[in-house]
Amino acid sequence: MVLEIYLDLFSQPCRSVYIFAKKNNIQFDHKKIVLFDGEQYNEEYGRINVLRKLPAIRDGDFCLAESVAILMYLAEKFHSPDHWYPADLQKRARVNEYLSWQHTAIRMTAAKILWLKLLIPKAMEVDVPKDKMDSAIEYLNGALHQFEEKFLQDRPFIVGDQISLADLVAVVEIIQPLGAGLDVFENRPKLRAWKDRVREAVGAELFDEAHQDILSCQEIVETMDRNKFDVMKPKIVKYFLS
């Protein structure tokens with residue numbers, strides 16, 4: 001049975017899984033779930049992932065959620081090149097260190113920018129207080145500074161001279177604010193150079209394909225049916241603005 005991967009490339013964790021699978025020539029059936037249409041809440045997808053989040057995979061009778069767990073599973077099962085998830089204890093620990101940290105740092109802060117700067121005010125037509133936006137940018141700047149000083153330092157990649165799962169998970173998150181028009185690479189030459197190395201290591205064509213939707217997000221929102229957010233709107237507004 002062909003591996004099934006459930007994805008929406010607007011989602012940064014989905015992009016990391018998509019890029020990894022494509023780069024490593026893993027054969028899979030791409031099952032597209034449109035988050036903005038609420039397809040994650042339908043009965044069929046609920047049988048794949050009761051958490052109602054993306055990405056998810058089905059490998060025969062085995063279903064798995066959470067992007068980091070999925071990436072580790074794919075790396076182990078399909079014997080990807082060692083640099084992705086190194087066998088060396090200390091190198092693997094460095095990958096795990098970043099993957100453990102990023103949930104409440106880069107992921108939380110970068111994702112918030114897209115919602116506060118674009119989706120909530122433009123798609124949901126709800127005003128975002130200036131102090132909320134300013135605070136989000138301040139926290140993002142702090143997380144990016146920690147990323148450069150602690151995790152990247154003067155190395156080409158997080159673990160050394162080769163790309164790893166840590167770099168892939170980092171880059172998709174850090175690019176997310178660009179979808180709202182906030183260029184986080186401006187005035188950050190070290191961060192931009194690292195992003196360019198990740199793009200080259202992955203392959204420019206694949207990297208750009210995976211990020212096409214998010215980088216076009218402002219244009220997409222302009223023509224989006226505002227009613228599609230009616231179900232999610234109260235929960236989203238409460239989460240980001242309360």
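Which residues lie nearest the centre of the second largest pocket? The legend to view 1 answers this. The model is predicted: local features need pLDDT of at least 70, side-chain atom pairs count only at pLDDT 80 or more, and totals for chains, interfaces and linings use all residues. Residues are numbered from 1 along each chain as its sequence is written, and side-chain values use heavy atoms, with hydrogens and water left out.

**View 1. The second largest pocket, between its lining residues from helix 5 and helix 6 (130–152)****.** Thr109, Lys112, Ser135, Ala136 and Tyr139 lie nearest the centre of this pocket, which is lined by 13 residues. A pocket is an open set of points on a 1 Å grid over the protein atoms alone, where a 1.4 Å probe fits, with protein on both sides within 12 Å along at least five of seven lines; lining residues have an atom within 4 Å of a point. The volume is about 180 Å³, taken as the space filled by probe spheres set on the points, which are joined across faces, edges and corners. Helix 6 gives the largest share of the lining, six residues. Helices (H or I, at least four residues) and strands (E, at least two) are DSSP runs, numbered from the N terminus. The lining holds seven nonpolar, four polar and two charged residues. Here Ala, Val, Leu, Ile, Met, Phe, Trp, Tyr, Cys and Pro count as nonpolar, Asp, Glu, Lys and Arg as charged, and the others, Gly among them, as polar.

**View 2. The largest pocket, with a volume of about 1300 Å³****.** Its lining has 38 residues, and Lys53, Arg107, Trp115, Ile236 and Phe240 lie nearest the centre. At least two lining residues come from each of helix 1 (12–23), helix 5 (106–123), helix 7 (165–175) and helix 11 (233–241). Helix 5 supplies the largest share, seven residues. By class, the lining of the largest pocket has 21 nonpolar, nine polar and eight charged residues.

**View 3. The crossing of helix 1 and helix 7, which is right-handed****.** The two axes come within 8 Å and cross at roughly 135°, which makes helix 1 oblique to helix 7. Axes are lines fitted to C-alpha atoms, for helices over the stretch in contact, and angles run from 0 to 180 degrees between N-to-C directions. Angles under 35 degrees count as roughly parallel, over 145 as roughly antiparallel, 65 to 115 as roughly perpendicular and the rest as oblique. A crossing is right-handed if the near helix is turned clockwise from the far one by less than a right angle, and left-handed if anticlockwise. Gln12, Pro13, Arg15, Ser16, Ile19 and Phe20 of helix 1 meet Leu165, Leu168, Val169, Val172 and Glu173 of helix 7, where contact means heavy atoms within 4.5 Å. These residues are seven nonpolar, two polar and two charged.

**View 4. The left-handed crossing of helix 7 and helix 8****.** The axes of helix 7 and helix 8 (residues 189–202) come within 11 Å and cross at roughly 120°, so the two helices are oblique to each other. From helix 7, Asp167, Ala170, Val171 and Ile174 meet Leu191, Trp194, Lys195 and Val198 of helix 8. The contact comprises six nonpolar, no polar and two charged residues.

**View 5. The loop between helix 2 (43–46) and strand 3 (56–59), which holds proline 55****.** The peptide bond from leucine 54 to proline 55 is cis, with omega near 0°. Arginine 52 is in this loop as well. Its phi is near 65°, a positive value in a residue other than glycine.
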